[in-house]
Amino acid sequence: MQNKVYIETYGCQMNVADSEVAAAILTDNGFTICKDITEADIIFLNTCSIRENAEKRIWGRFKSIRYLKKKKPDLLTGLIGCMAQRLKEKILETDQFIDIIAGPDSYRHLPSLIEEASSGHKAVNVILSREETYSDILPLRLDNNSVTAFVSIMRGCNNMCTYCVVPYVRGVERSRNPDSVLGEISDLSEKGYKEVTLLGQNVNSYKWTEGNNIINFAQLLERTALENPSMRFRFSTSHPKDISDDLLRAIARHDNICKHIHLPAQSGSNRILKLMNRGYTREAYMERISAIRSIIPDCSLSSDIITGFCTENDEDHQDTLALMEWAEFDFSYMFRYSERPGTKAIRKLKDDITEDIKTKRLNEIINLQNKLSVKSKRKDIGRVFEVLSEGFSKRSEDFLFGRTSQNKVVIFPKGNLKKGDFVKIRVKNCTSATLIGEII
Ligand code: SAH
Ligand code: SF4
Ligand code: F3S
C-alpha cells in the first residue's frame, strides 16, 4: 500500500494549520506523514493564491516534483488548498502530472481521493462548505519546535475587499465551536506547548451562538487566557473596521495575552480604501490606533500595505507613507498590487499602475518601514521583557532565540535554559532584524 505522505505548505498561517488538519485526517486513515520528500508515495502541496507571485512560485516547485515522478512512476501528486480551489479541474487540462485536487473544505475526502487516484483516475473535490470547521479533528502538529502552535478559530471571509481572492477560495465565514477550540488548546498545553496563535481572516467577527448566549472574540480570547494561565496567546488577523474596545480591554487585563496587534491598513488614502472596499476611513483607522495606544500602552502594532492599487496616484501614496509614519508600525508586510482572477477589482477596475511605479513606491514603503522598525527596536534597549524561548539561534547553539510579548525576536545567551522556558531578558542592543539581550 502506498501510504507515506509528504505535505509542503505555502501561504499564510491558516494554511500551516490546515496542513496539520489534513495530516490528522490522513493518519487517522492509515497513512503516515514523512519528512523526507524522496521517501514519499504521495506528495501534497498546500497552495496559496493570494498574489500572482505566490502561484508562480508553487508552479516552479511543482516542476521539480514532476521530475521526481518521472523517476518514481507510482508517485501520486496533489495540489490542495487555495490555488487548487481557484483553478479546480482546469489544472488537470494543463498539467497531466497532477493526480489529486482538493480545496480547503475537502480535506475529509483526502483518503478517498487518494484511493481514486491510485486506481488511475484523476481525483477532484473542490466543494466549498458553509459549515465545515474541522472542529472535531485534532490537528497533527507538523512543526519542529513543540513550543508554539496555531489554532484555527474560524474559516472563510465575508469581507469582499475588492482585490482579494480569499472569499472565493475559502468560502463564507464560519466560526468554530468554542469548546472545540478550548479542547484543542488544552491538548496542546498537555503536550507542553507554551504559546498559541488563534487564527482567522478576521478574528474580530468571531461569533458563536448557543441558545440565547453569544460568544464573541473578546470573550473567547479571555476564556482561553483564563483557562490556560501557563500559556500565552496571540491572534491574527484583526480587521480595523471590527476591532472593539472590549477586545482591547481584554488584552490589557491579561498578562498572558500578548501585547501585539496585527492591524492591516492596506492604504492610507481614503479614496483607495473606498475602492478596496475596506469599510473604514483613514481617520477611523487612526482612531482605532489611538484607542490601542491608550488602552494597551505597551502594545506593538504591525500592518499589511498594498502599493500600486488601481488608480493610486502620488498623493494617495504619500498618504500611505504619512499614515505609516504616524502609526509607527513596528513591522509590516508590504506588497505590490497583483490582480487576482474572479475579484471585483479585476472585473470593475483597471490595474493601471505600471510595474516600474509599483516597484518605486514599494521601495519607498519598505525603506520607511525599515527606518520605523529600527526605531521600534532601539526603543527597547535597556528595557526588560518576558521572552518565550523557542529554540537555538541560527547563528550559534550557545544562544537561544525567542519573542517578546510584542512579537519582537530576541537572541540571548543560553545559560541553563531550554526551549519552552519563559525568561526575563534585558535588551542590550539590536541589529536591524533582532534584539540582543541578557538574562536577568
Ligand atoms: N484577512 C487579512 C489578510 C489576508 S491576505 C486582512 O484582511 O488583513 C494577507 C495580505 O495579502 C493582505 O492583508 C493584503 O495586504 C495582501 N493581499 C491580498 N490580496 C492581494 C493582492 N491582490 N495583491 C497584493 N497583495 C494582496
Ligand atoms: Fe481578503 Fe479582505 Fe477578507 Fe482579508 S478581510 S481575507 S483582505 S477579503
Ligand atoms: Fe492563505 Fe493564501 Fe489562501 S494567504 S487563505 S493560503 S490564498
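The shell around ligand 3 comprises four nonpolar, four polar and one charged residues. The model described here is predicted, and its chain is divided into four domains: domain 1 (4–125), domain 2 (145–258), domain 3 (261–379) and domain 4 (384–439).

**Ligand 3**

- The residues that surround ligand 3 are C12, N15, T47, C48, S49, I50, C82, R170 and Q201.
- Among these neighbours, C12, N15, T47, C48, S49, I50 and C82 carry numbers that fall in domain 1 (4–125), whereas R170 and Q201 carry numbers that fall in domain 2 (145–258).

**Ligand 2**

- Around ligand 2 stand C157, N159, M160, C161, Y163, C164, V166, P167, Q201, H239 and R278.
- Sorted by class, this shell around ligand 2 holds seven nonpolar, three polar and one charged residues.

**Ligand 1**

- Ligand 1 is surrounded by 15 residues, the closest being R51, Q201, Q266, D304 and S338.
- The side chain of D304 places a polar atom 2.6 Å from an oxygen atom of ligand 1.
- In the side chain of Q266, an N or O atom is 2.7 Å from an oxygen atom of ligand 1.
- Y163 contributes through its backbone: an N or O atom there lies 3.1 Å from a nitrogen atom of ligand 1.

**Interface of domain 2 and domain 3**

- The C-alpha centres of domain 2 and domain 3 are 24 Å apart, and the contact involves 22 residues from domain 2 and 27 residues from domain 3.
- About 2000 Å² is buried between domain 2 and domain 3, with carbon and sulfur atoms giving 67% of that area.
- On the side of domain 2, T162, Y163 and P240 supply 39% of the area buried against domain 3, more than any other three residues.
- One salt bridge is counted between domain 2 and domain 3.
- R288 and D245 form a salt bridge in which the closest N and O atoms are 2.9 Å apart.
- Polar contacts across the interface of domain 2 and domain 3 number 10 residue pairs.
- Two or more residues on the side of domain 2 that touches domain 3 come from each of β13 (232–236) and α9 (245–253). The largest share, five residues, belongs to α9.
- By class, the side of domain 2 that touches domain 3 consists of 12 nonpolar, seven polar and three charged residues.

**Backbone features**

- A cis peptide bond links S236 to T237, with omega near 5°. T237 is located in the loop between β13 and α9, the two elements named above for the side of domain 2 that touches domain 3.
- Q266 is a residue other than glycine with a positive phi, near 70°. Q266 sits in the loop between β14 (260–262) and α10 (270–275), and its side chain has an N or O atom 2.7 Å from an oxygen atom of ligand 1.

Key. Residues are numbered from 1 along each chain as its sequence is written. Chains are lettered from A and ligands numbered from 1 in the order in which they are written. This is a predicted model: local features need pLDDT of at least 70, side-chain atom pairs count only at pLDDT 80 or more; totals for chains, interfaces and linings use all residues. Side-chain values use heavy atoms; hydrogens and water are left out. Domain bounds come from an automatic or database domain assignment. Contact means heavy atoms within 4.5 Å. Buried area is the accessible area (1.4 Å probe) that two parts lose on being put together, summed over both. A salt bridge is a side-chain nitrogen of Lys or Arg within 4 Å of a carboxyl oxygen of Asp or Glu. A polar contact is a pair of N or O atoms within 3.5 Å; within protein, one must be able to donate a hydrogen and the other to accept it, and residues adjacent in sequence count only if both atoms are side-chain atoms. Helices (H or I, at least four residues) and strands (E, at least two) are DSSP runs, numbered from the N terminus. Ala, Val, Leu, Ile, Met, Phe, Trp, Tyr, Cys and Pro count as nonpolar, Asp, Glu, Lys and Arg as charged, and the others, Gly among them, as polar. A residue is near a molecule or strand if one of its heavy atoms lies within 4 Å of it.
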